[in-house]
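Thanks for coming, everyone. Please have a look at the structure on the screen, and then I will walk you through it.

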Amino acid sequence: MFTPYFRPRRLRRTPALREMVRETVLQPSDFIYPLFIKHGKNERLPIRSLPGIAQLSIDEAIKEAKEAQQLGVPSLILFGIPKIKDALGSESYADDGIIQQAIRALKEAVPEMIVIADICFCEYTDHGHCGIMHGHTLDNDATLELLQKQVIAQAKAGVDVVAPSGMIDGMVGAIREALDGSGFQHVPILSYAVKYASSFYGPFREAAESAPKFGDRRSHQMDPANVQEALRESQLDVDEGADMLMVKPALAFLDVIRAVKERFDLPLAAYNVSGEYAMVKAAAQNGWIDEQRVTLEILTSIKRAGADVILTYHALEAARWLNA
Ligand code: PBG
């Protein structure tokens, strides 16, 4: 009989031994919880393809924020659903726009909560694209000016962190310049530096009512086949003054998370996007997988790949499981 000399199983024998040598430990403070904010009062409009997630009026969002805080989830990222969409997405930079109202209300009700605002136009424009359109082409540099207006409106409302998500060339530099020029030098930029033209955003577009009315986002979001380009995109955002980087989606792009983490020493976020969440929920509802174990395994793998923080719709549930 062959008897092995090396026995890695020795350190897996008991739960205590396994815990002692665990390399990646997930905690509620790793999570950023996305909220969809709508006008109105007392409203919670469930999103069919994101079970457990709803469009919330501001008063309901405050309840959700308090619950997040109790569970140890320290931050939220806000997406707005405007009353009226137009060609320029003007509600996104109005002082009384839905996100500006939400930022003020949340910072007043739950001051320690980190309120991050997504910066983009797709939820606010009638055509559903991420900036100013001329016919079927997105005007990159004209969009930068509008992004500057949007970020100032959010900063005036008291946002803690801004997160530009449109993959517009120069967005980080333009936003940094606008913030610094208006006395908001202290507001950090979490850049969606590496965002792929992914099919995993489907449920989000239902939630945020932001699907493009024509065409797609492939002229600005990245080709899922590329990783070298992810490093170049990250480098540009670092040079333009990003404080944190993001890779999105997460699960099908773990190698990209690792590559960005190894090259850059900025804190790195990864977005466990709507389609990733919806797949887990659907399989769990069918009784095909154990939702808790699968979810914690996915979130742990994203952290193991190199993410310091994870944007996830599972934030509150995962926090509850981790706290149990
Ligand atoms: C754009 C934005 C999108 C997501 C976050 N910010 C959608 C898109 O690019 O079409 C997707 C997030 C998700 O799928 O969970 N404002």
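**A walk through the model**

Let's begin with M167. With a relative accessible area of 5%, M167 is buried. Keep in mind that this is a predicted model. Where does M167 lie? Find the loop between β8 (161-164) and α5 (171-181); M167 is there. Now its backbone. M167 is not a glycine, yet its phi is positive, about 55 degrees. Here is the background. Most residues other than glycine have a negative phi.

E209 is another case. Its phi is positive too, near 50 degrees, and E209 is a residue other than glycine. Look for E209 in the loop between α6 and α7 (228-240). Is E209 buried or partly exposed? E209 is partly exposed, because its relative accessible area is 38% and buried would require under 20%.

One more backbone feature. Go to the peptide bond from K248 to P249. That bond is cis, with omega near -10 degrees. As a general rule, most peptide bonds are trans. P249 sits in the loop between β10 (244-248) and α8.

K248 brings us to the ligand. There are 19 residues around the ligand. Which of them come nearest? The answer is K195, R205, K248, S274 and Y313. The side chain of Y313 has an N or O atom 2.6 Å from an oxygen atom of the ligand. For the side chain of Q221, the distance to a ligand oxygen is 2.9 Å. For the side chain of R217, it is 3.1 Å. How much of the ligand does the protein bury? Taken alone, the ligand exposes 410 Å², and the protein buries 100% of that.

S274 was on that list of nearest residues. S274 is also one of the buried residues of α9. So, on to that helix.

Helix α9 covers residues 274-285. Start with its length. It has 12 residues, and at 1.5 Å a residue they should span 16 Å. The end C-alpha atoms are 16 Å apart, so the two values agree. Next, burial. Of the 12 residues of α9, 9 are buried, so the helix is largely enclosed by the rest of the structure. Among the buried ones are E276, Y277, V280 and K281. What do the buried residues of α9 pack against? They pack against α6 (202-207), β11 (268-272), α10 and α11 (315-323). After α9 comes G287, with a positive phi near 75 degrees.

Let's step over to α10. T295 is found in this helix, which runs over residues 291-305. T295 is buried, because its relative accessible area is 2% and the cut-off for buried is under 20%. Which residues does T295 touch, leaving out those up to four places away in sequence? They are V280, H314 and W321.

Last topic: charges. In general, side chains of opposite charge can pair when their charged atoms come close. How many salt bridges does the structure hold? It holds 16. I will show you three.

Take E60 and K63. Their side chains meet in a salt bridge at 2.9 Å, N to O. Both are in helix α2 (residues 58-71), and because they are 3 residues apart, about one helical turn separates them. E60 counts as buried, at 6% relative accessibility. K63 is partly exposed, at 48%.

Then E262 and R258. This salt bridge is 3.4 Å, N to O. Both residues lie in helix α8 (residues 254-263), 4 residues apart, about one turn of the helix. E262 counts as exposed, at 61%. R258 is partly exposed, at 33%.

Finally, D290 and R293. Their closest N and O atoms are 3.7 Å apart. D290 counts as partly exposed, at 41%. R293 counts as exposed, at 63%. And which residues do salt bridges with shared partners join into one network? They are R44, E60, K63 and E64.

That is the tour. Thank you.

Terms used
Residues numbered from 1 in each chain as written. Predicted model: local features only at pLDDT ≥ 70, side-chain atom pairs only at ≥ 80, totals over all residues. Heavy atoms only, no water. Helix = DSSP H or I, 4+ residues; strand = E, 2+ residues; numbered from the N terminus. Buried < 20%, exposed > 50% of the residue type's maximum accessible area, 1.4 Å probe, protein only. Contact = heavy atoms within 4.5 Å. Salt bridge = Lys/Arg side-chain N within 4 Å of Asp/Glu carboxyl O. Near = heavy atom within 4 Å. Polar contact = N/O pair within 3.5 Å; in protein donor to acceptor, adjacent residues only side chain to side chain. Areas by Shrake-Rupley, 256 points an atom, 1.4 Å probe, with all protein chains shown as cover. Expected span 1.5 Å × (residues − 1).
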